[in-house]
Amino acid sequence: MTLYFAPLEGVTDAVFRRIHHECFPGVSKYFIPFISPTQNLAFTSRDWAAIAPENNIGVPAVPQLLAKDAALFLWAAQALCDMGYPEVNLNLGCPSGTVTAKGKGSGMLRDPQKLDAFLDAVFSQAGGSVSVKTRLGVARAEEFGEILDVYNKYPLCELTIHPRVMKQLYRGQADREAFAAYLPACTAPVCYNGDVTTVDDLRALEAAFPELSGIMVGRGLIADPALLRKAVGGPAASREELRGYHDELYHGYTEAFGMASCAVSRMKAHWFYLIHLFDGAD
């Protein structure tokens, strides 16, 4: 089973990626929460902390870029390639209003012709592998037919589909019927993302869509760091493993932030998910 770790802002940072990969190996790719190239062709200090090669040693990390300007995307993609990253991911799936109002993320799906022009500029000059994460459209799943026609024109190394539309945000159920209908028409390898939180979810997807190149999971792996191990027949995380994992995270954050209070603040995001592994979580 090929499993990818979805990016989650404020949780799946460099400290987390390193420690999860050490304690619960097996995830094929960790997607770095998106960074936005700036007009002055520089990475912010915050973005640099996420992508600095020394912060991702030994971790199969994939940087995710949020951009609507092809020149900015190409600059950042080349810089990341020069750092040794073999793949960059274009985020066309983020539904946040602050992102889509700027015409980025899933806001780019509003105009397939502009999307086509953007991808044409990118793939005419890209020096490395580019993957795309997308939604089905802005308001209706039926929009994906025209959007997919655009994707199929270009040599995406992978297409991750989150089968919701932009206006849904993360509400309602992922539209697996629409995903199943469009999957045969995809020319790029396809990864599924959306509402996968349990071992049963993983196995059901693998059985229903054996041709998938991967399955992307976010919250499910944060809530149960041994999810992949369980899905391939291994044991659940023991109490001792979880304590060691937890303590490694806490000490890693304390070292990174220089303050225990900041480490505790970051740990709260993990506690919110991890508590559900224990009896009496409610």
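This briefing covers the nonpolar cores and the pockets of one structure. The model is predicted: local features need pLDDT of at least 70, side-chain atom pairs count only at pLDDT 80 or more, and totals for chains, interfaces and linings use all residues. Residues are numbered from 1 along each chain as its sequence is written, and side-chain values use heavy atoms, without hydrogens and water.

**Nonpolar cores**

- A nonpolar core is a set of buried Ala, Val, Leu, Ile, Met, Phe, Trp, Tyr and Cys residues joined through side-chain atoms within 4.5 Å.
- Buried means under 20% relative accessible area (1.4 Å probe, protein chains only).
- The largest core holds 85 residues, and F73, L115, L119, F144, Y151 and L159 touch the most other members.
- Helix α3 (residues 70-82) gives this core its largest share, seven residues.
- Helices here are DSSP runs (H or I, at least four residues) and so are strands (E, at least two), numbered from the N terminus.
- A second, separate core has six residues, including Y4, F31, V62 and C191.

**Largest pocket**

- On a 1 Å grid over the protein atoms alone, a pocket is an open set of points where a 1.4 Å probe fits, with protein on both sides within 12 Å along at least five of seven lines; lining residues have an atom within 4 Å of a point.
- The largest pocket is lined by 29 residues, and A6, P7, L8, K133 and Y170 are the closest to its centre.
- Strand β2 gives the most to this lining, three residues.

**Second largest pocket**

- Its lining has 22 residues, with D13, R46, A49, A50 and R266 nearest the centre.
- Helix α1 (14-23), β2, α2 and α11 (239-257) each supply at least two of the lining residues.

Notes: Buried means under 20% relative accessible area, exposed over 50%, partly exposed in between (1.4 Å probe, protein chains only).
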